[in-house]
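Let's take a friendly walk through this model, starting with its pocket and moving on to a helix pair and a charged pair.

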Amino acid sequence: VIVPRTREPGHKFKPFALGLGLSAPWLHRPPRPAHRRVNFNAREQALVDRIKRLKKEAGSHSPSAWTLAKQIPELRLKVDACFLSNPYATHLFLTHLHREVIRPRKLRALLELYPSQNRVIAAKLGRVLDLEPDSIFVGNGAVEIIQAILHRLTRQKILVNLPTFSPYYEFARPDTQVVFNLLRKEEEFRFDPARYLELVRRERPDTVVLINPNNPDGGYIPYAVMLDLLEELRDVPNVIVDESFIHFACEGLGYAYWSVVDEVRRFPNLMVVKSMSKDFGVAGIRAGYAVMAPDRVRTLLDNGYLWNSSGLAEYFFDLYSRPDFQERYERERIRFIRNSRRFFDALARIDGLRVYPTHANFALAELQNGLSAEDLVWRLLVRRGIYTRTCDDKRGLEPGKFVRIAARNRPENSYIIRSLRRLIG
Ligand SMILES: *Cc1c(COP(=O)(O)O)cnc(C)c1O
């Protein structure tokens, strides 16, 4: 599937040609399927109209819960199951922040002083991760790193799986062609390595992106398959592996997770992107890093990024470097995975909802009883204060049918399940 690199205003691509003999008109321009309509009363409809406006302004992302709550206070937002994070880890961070920064009156310094320079934070991370500091690029969130790589290292052609996290194609340079590998609903969005490699050989992209587990479907590429893929992709100049959700992937059924970070030594074309937002539930502080060959880090640093962290992000990385924090975090990670698994099982038992297999902290669900995704999402929001994500704007998913629902803490999960039963059942 090939997208010509002409852009319409607002960073939307013009309709593009389909390869691979796939007939998928909704990749082109979403048709509006006929759905069962929901009757909102006048007050609800007025809220829905305001939400829709905010959603439109947010482009292909969603307005943050923060934005919604501020702009539409009447919404009484209770649960954010749209953005993806581990709420137990947020609590852990907050406990430390309170005890070590706020109570001892050190917050002022975090706010008033410059944070350390990028290389100082990289050196600190290098020591704990047992990696060369020169091989770490610290970002203001993973999104900044993705932009940096796409702008500086990618050349003519990038291959991205679809559906995907949209910055991987939205932030490509105008002279970069984007090629998509479509993950198929009929195959539960499973990644097929043989078909993928065939596409790589045919298209010869200079950059490939593998998000593992993938967003928005939660599909997972097992570690052994990943290692084989890295071997096979040796000749591709840039291989991006985005592990923003790897802490939730429980390969086998133990809770150990399998990162390819150490493979950067063996594969100089590999760049492993790590967002701290989801695992540690700290999206607001904008912390992320990537591991890659030192010459690549130097190339990216040529564009700046001197003080691109913040005092809070630096404090987070300090904690992240401490074994006592890591030990506590590990307990919260496992607790969250356990609860999330139960949540996904309960979701899958709701009539009218098809839940796809997930290794992440969210599930992609398909509506099967004629209700449209938007109507469900607005109903959940205005009637129950639950924020979920329609996938109507996600390329590669038939519009009107899919919602992405994030796992939260246990009471919130039960509230989501009860609400869904009431609204769909
Ligand atoms: C959320 C997300 C990111 C960006 O995370 P930030 O660190 O908050 O910028 C990167 N990659 C994927 C796949 C994501 O879902």
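A pocket here is an open set of grid points where a 1.4 Å probe fits, with protein on both sides within 12 Å along at least five of seven lines. Please keep in mind that the model is predicted.

By that definition, the largest pocket has a volume of about 1,100 Å³. Its lining comprises 40 residues, and those closest to the centre are F83, L84, S277, K278 and A283. Among the contributors are α2 (65-71), α3 (87-102) and α6 (142-152), each of which supplies at least two lining residues.

How do α3 and α12 pack? The axes of α3 and α12 (residues 323-348) lie 8 Å apart, at an angle of about 150°. Angles over 145 degrees count as roughly antiparallel, so that is how these two helices run relative to each other. On the α3 side, the contact is made by P87, Y88, A89, L92, H96 and R99, which meet F325, R328, Y329, E332, R335, F336 and N339 of α12.

Now for the charges. Side chains of opposite charge can pair when their charged atoms come close. The model has 26 salt bridges. One of them joins K157 to E203, with the closest N and O atoms 2.7 Å apart. This pair links distant parts of the chain, as K157 sits in strand β6 (residues 157-162) and E203 in helix α8 (residues 193-203), 46 residues apart.

Notes: Residues numbered from 1 in each chain as written. Predicted model: local features only at pLDDT ≥ 70, side-chain atom pairs only at ≥ 80, totals over all residues. Heavy atoms only, no water. 1 Å grid on protein atoms, 1.4 Å probe; cavity = no way out; pocket = protein on both sides within 12 Å on 5 of 7 lines; lining within 4 Å. Points joined across faces, edges and corners; volume = space filled by probe spheres on them. Helix = DSSP H or I, 4+ residues; strand = E, 2+ residues; numbered from the N terminus. Axes fitted to C-alpha atoms, helices over the stretch in contact; angles between N-to-C directions. Parallel < 35°, antiparallel > 145°, perpendicular 65-115°, else oblique. Contact = heavy atoms within 4.5 Å. Salt bridge = Lys/Arg side-chain N within 4 Å of Asp/Glu carboxyl O.
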